[in-house]
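Here is a quick tour of one model, taken piece by piece. Have a look at the fold, then read on.

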Amino acid sequence: MRKPKVVVLGAGYGGIMTTVNLQKKLGVSEADITLVNKNDYHYETTWLHEVSAGTLHHDRSRVPVKNLINTSKVNFVQDTVVDVKTEEKRVILENSELEYDYLVVALGYESETFGIKGLKEHAFSIANINSARLIREHIDYVFATYNNEVEKRDELLTIVVGGAGFTGIELVGELANRVPQLCKEFDIPREKVRVICVEAAPTALPGFDPELVEYAVTQLERKGVEFKIGTAIKEATEEGIIVAKDDQVEEIKAATVIWAAGVRGSYLIEKAGFENMRGRVKVDPQLRAPGLDNVFIVGDCSLMINPETERPYPPTAQIAMQQGETCAHNLAVLVRGQGEMQEFKPDLKGTVCSLGHDDAIGVVFGRKLFGSSASFMKKVVDNRALYLQGGAGLVMKKGKFNFF
Ligand code: FAD
Ligand code: NAD
């Protein structure tokens, strides 16, 4: 009998967790499992702010896909997905095509610029290893340029971060620690450097615990970060950005602008014709696309409504990883034609937001944490994610143990 073909697209949190769980559940004779990913490595997206700021080498945040999967059970294809034809049960890759019986789409997120003029051309965003490495190299380059010019341009030393959501705050936390190192390396007076975080909402980390937000802002300001709260980025230009607070419009000259103010699902979701909202598909409780019983969507390309708030769950690694486990279970049930599919219910343990490697804030199991205890917890969370993906060996190789 022909074995069913299961194809998983994307080796991020959702895709890897689906694959590593599926390879444990199914025998080689039960299904042909193929994992497709653009790169031959998986990366920890949740560490990319560190790579961008230059506080963590990019090799620490990535691992070869073949080290995570059992290659005798899973066929790995390194290629880029360019389209999905659900009616024909086919995936078009840059260099070949794949047929499937069951598909998992786990292609992650993209930066959402909301059509703001100039952002795509003039701002960086943290999208993957390459874009994070580019930000790090760019900052090094402009700092190195500063003392090479006869007329000193202070804007070379101005870094603007758009958005004080979790990504923006974690990024400025790393930058605050990196700037003194950069100043030393390039002989630059610290007071010449500006790190400015611009947030449109009336507070940083909108919706998060106000006491913890105040702690975070105070700590970051103490390290030299400037906040412009209630201020929206309206445009990015070759020289910097234009912001507005109420009726006041201001230009900030900056050689480095990093947009960290929103994400959406992969453009491929729209291209493939799935019903979607900003690249995210509202999946059924079993994680399937509407009307497509053989297509699962997990991670940032999926959308589920939290019945308590009646708002979508935020796109997080925590949810993507848990979805991967449920998706693997449901796929095994379909492949075998026996058992019960599970409904996905997120088991939210909390949120921890780093403020550099040495400080953090968080709410875990309903308990507020800040300072060294939150920072410790953040490393526990990071190491736990590694453990779920690649076991104790991966934790030993890539884990974070600089607890104090
Ligand atoms: P991803 O992990 O982004 O993986 C997508 C994969 O698909 C990648 O491997 C990519 O290479 C591959 N891919 C994409 N397009 C193609 C293509 N066309 N062809 C082939 N392969 C492709 N969440 C938390 O819960 N906790 C945190 O602390 C946290 N910190 C974060 C920090 C930062 C800086 C950022 C940016 C996000 C953070 N998040 C955090 C959110 C979290 O990273 C995402 O929700 C999570 O990565 C989503 O997982 P995913 O599997 O959907 O996508
Ligand atoms: P976000 O949407 O959560 O935050 C974006 C922020 O940018 C918001 O505060 C918004 O008000 C602001 N903004 C939007 N338009 C703006 C403009 N024109 N000018 C200035 N500010 C503007 O996006 P994110 O921070 O990238 O987070 C994406 C997802 O990743 C979220 O689900 C988040 O929970 C998750 N994440 C989690 C962690 C963590 O748990 N430690 C860390 C990073 C990201």
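**Ground rules**

A residue is called buried if 20 or more other C-beta atoms lie within 10 Å of its own, exposed if 12 or fewer, and partly exposed in between, with C-beta atoms placed from the backbone. Helices (H or I, at least four residues) and strands (E, at least two) are DSSP runs, numbered from the N terminus.

This is a predicted model, where local features need pLDDT of at least 70, side-chain atom pairs count only at pLDDT 80 or more, and totals for chains, interfaces and linings use all residues. Residues are numbered from 1 along each chain as its sequence is written, while chains are lettered from A and ligands numbered from 1 in the order in which they are written.

**Helix α9**

With those cut-offs, 14 of the 20 residues of α9 are buried, so the helix is mostly covered. The length checks out too: at 1.5 Å a residue, α9 (residues 317-336) should span 28 Å, and its end C-alpha atoms are 29 Å apart, which agrees. (The expected span is 1.5 Å times one less than the number of residues.) After α9 comes Gly-337, with a positive phi near 65 degrees.

**Strand β12**

Five of the five residues of β12 (residues 158-162) are buried, so the strand is largely enclosed by the rest of the structure. Thr-158, Val-160 and Gly-162 cover one side, Ile-159 and Val-161 the other, and all are buried.

β12 pairs with β13 in the parallel sense over five bridges; strands count as paired if DSSP finds at least two bridges between them. Val-161 has Cys-197 of β13 as its bridge partner.

**Two domains**

The domain assignment (automatic or from a database) gives domain 1 (5-111 + 263-349) and domain 2 (119-259). Their C-alpha centres lie 32 Å apart. Across the boundary, 13 residues of domain 1 are in contact with 18 of domain 2, contact being C-beta atoms, placed from the backbone, within 7 Å. On the domain 1 side, α2 (48-53) gives the most, with six residues.

**Around ligand 2**

Where does ligand 2 lie? Domain 1 and domain 2 both give residues to its shell, so ligand 2 lies between them. The shell holds 26 residues, and Gly-163, Gly-165, Phe-166, Ala-261 and Pro-314 come nearest; a residue is near if its C-beta atom, placed from the backbone, lies within 6 Å. α6 gives the most to this shell, with four residues.

Definitions and conventions. Two residues are in contact if their C-beta atoms, placed from the backbone, lie within 7 Å.
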